[in-house]
Amino acid sequence: MKTTGGIPDIPTVLVTVLLAGPVLAGLAGTAAPAFGYFPALGYDTLSLAPFRQLVAMPGLADSVLLSIGTGLSASILSLAIVLAFVAGWSGTRTFRRLTRLLSPLLSVPHAAAAIGLAFLIAPSGFLVRLVSPWATGWTRPPDVLILNDPYGIAMTFGLVAKEVPFLFLMTLAALSRPHIQDYFKAGAGLGYGRMATFFKIILPQIYPLIRLPVLAVIAFATSVVDVAEILGPTLPQPLAPRLVDWMNDPDLSMRLTASAGALLQLAVSAAALLVYLALESLFTAAMRRQIASGRRRPREFWRRRFALLPMLVIISAMALSLVLLALWASAKSWWFPAALPQKFSLSRALETLHMGSSSLAATLVIAAGSALIVTALTLWLLEARDFRKRHETGRLKVLVFLPLLIPQIGFLFGLQMLFLLAGLSGTLAGVLLAHLIFVFPYAFLALSDPWKRLDPRYAKAAYSAGASRARVFWHIRLPLLLRPVLVTFAVSIAVSVGQYLPTLMIGAGRVVTVTTESVALASGGSRPAAALYALLQLVIPFIGFTLAVLVPALVFRNRAAMRLEQAAFR
C-alpha cells in the first residue's frame, strides 16, 4: 500500500471547500452589508449607519441577554445532566436501558420537540388538563404565562430536552475507548465511589473528545430560531429570531440592519463561548484540588439517584410530547379541560396532508438527496485517509465542526446573497446544497467511529491476496459496515429534515418543507395541523432508521458470522 506524504487527497480538499468555503464566503457576504456596502440596493459606500440603526432598536439589550442567558444555561445544564448520569450509572443495567430510550430522541427535530413540549406544558396543555377541574377547579385555561415567558424558562427547558440526547451520544462514543470500565474497577479498589472515579479519573481523559460538541451546542443554543419562535419570549424576542424578521422586512434597508445584527449575533455566541471556557478553567482548577485532596466519597446512594432524576424527567417529557403530537394530529375535537380528545377523526389529517403534499415531497427529495451525498462523501473521505494512513487529527475535527461552531445566522445572510447571485436562491438544488453544510458533520460523527473500529486485518488479507483498492472497499469494507452506513444515512435524513433556518433563508419562501410549515402553523395556533406536520418530521427519519435495522437483517439472514460483525457495531 502506497502513501503519498503531505499531498492533500481529493476528498479532503472537497470537504474543505464544502464546509469552510460557504462559511467564509457567507461571513464576507454578511460583513459587507453590515458596513453599508450593498450595491444591489444602491448602497455603494462603507458606513456605520447599519450599526447605529441596530443600536437604536428597542429592547436590543434584552434580546442579547436572553440569547446569552438561555443558550448558556441550557448548554451547561445539559452537560451537567449527562455527566452526572454517566458518572453514576455507566455500565449498569439502568444505563443500558436508558441508552436505548435516549438514542431515538436524537432524531427528533428541534421544532417537533418544541411543539410537543408546548402541548405538554402550556396553560391549556396536557399537564394542566390532568389536574383540571377536579384538583384545581379550572374550567378554562389559567391565565399564567408558561409558554413564551419573559425569562425564557420554557425555551431553556426545550433546548435541554433536545441537547441532552446529543451530548449523551457524544459522551457514549468517547466512553467506547478501551479500559474505561477497568478504571471504574481500579477506582473502587482504591476506595473511590463510582461518581468520584468518573470525575477524577475518567472525565479528564474523555473530556477532550466531547469538548467540540459542547462548544457546538453553545453556539447553536445562543442563536436558535425555531425553538425560540415556538417556546421563547416574544417582547422582546431573543436576538436570532429578531434578525430573521428584519431580514424579511418589506423595507429593504432593514437588510443592512439585519446584517449588522448578524455580526452582533456572532459576538454574542463568542461571548457565551468565552464565558464557558472561563467556567471550564475554574472547574478544572477545582477538580485538581479535589484530586490532590484524595477525598474518596464512597457513599453516593443519594447522589446517584439525584443524577438519574433529570434524565428520567427528560425522557418522560419527550416521550409524552410525542404521544401528544399523535393525539392532536388525529383529534377532531379536544376542548379544555378534557384530558383526552372527545372525538377522533383522520379525515381532517388526510385533508391537511393532501394540501401539504408538495412540502412533504420537497422534504423527501432534499433529505434523501443530501443524505445520499454526505454518506458517500464521508465514506470516500474515510477510505482515502485510511488508504494514505492519515489518522483523524484535531484540524480535521475543527474543520468538520466549523459550520456547527459558528452560528448559522451569522453566515447564512451572506450565503443567501451569494445563492441569489448564482440563481440558486429559492430552488430545491440551492436548499439541498445548504443542507449539505450542516448534515455532513453529523454523518462524519456517525460513521468515523465504526470505521475506526473495523478490524484492519480483513483489508490487509485482501491486499496480500492481490485485491485492488476498489475491490477491498466494495466487497469487504462496505458489507462489513452496512449497518453503520445505513444508520449514517438515517441520521443524515433526520438532520436534514430538522433544518429550519437554512431552508427558510435559502428557500426564500418558495421552497417549503414540513419543518418550515410546522413552525409557521405552531405560531399561528392551529394545533392539529402543527401536530400533523411535526409528526411528519418524525415519520421520515423513523422510516430511515427502520430500514437501517431491516436491510442488514435481510441481507445477512443466511450468514451467521456477518450478523455477529454487524452486532459489533451497535
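In the predicted model, the lining of the largest cavity comprises three nonpolar and seven polar residues, with no charged residue. The lining residues are Thr363, Ile366, Ala367, His435, Ser496, Val497, Gln499, Thr503, Thr513 and Thr515. Two elements, helix 15 (357–387) and helix 21 (482–497), each give two or more residues to this lining. Helix 15 makes the greatest contribution, with three residues. The volume of the largest cavity is about 40 Å³, and the structure holds two cavities of 30 Å³ or more.

The second largest cavity contains about 30 Å³ of space. Its lining is formed by Phe119, Ser124, Gly125, Phe126, Arg129, Leu324, Trp328, Trp334 and Arg527. At least two of the lining residues are supplied by helix 6 (126–130), and at least two by helix 13 (301–330). Classified by residue type, the lining of the second largest cavity has five nonpolar, two polar and two charged members.

With regard to annotation, an unreviewed UniProt entry lists residues 60–275 and 360–548 under "domain: ABC transmembrane type-1". Over residues 60–275, the chain is 73% helix and 0% strand.

Methods: Residues numbered from 1 in each chain as written. Predicted model: local features only at pLDDT ≥ 70, side-chain atom pairs only at ≥ 80, totals over all residues. Heavy atoms only, no water. UniProt positions renumbered as here; feature names shortened; annotations may be inferred. Helix = DSSP H or I, 4+ residues; strand = E, 2+ residues; numbered from the N terminus. 1 Å grid on protein atoms, 1.4 Å probe; cavity = no way out; pocket = protein on both sides within 12 Å on 5 of 7 lines; lining within 4 Å. Points joined across faces, edges and corners; volume = space filled by probe spheres on them. Nonpolar A, V, L, I, M, F, W, Y, C, P; charged D, E, K, R; others polar.
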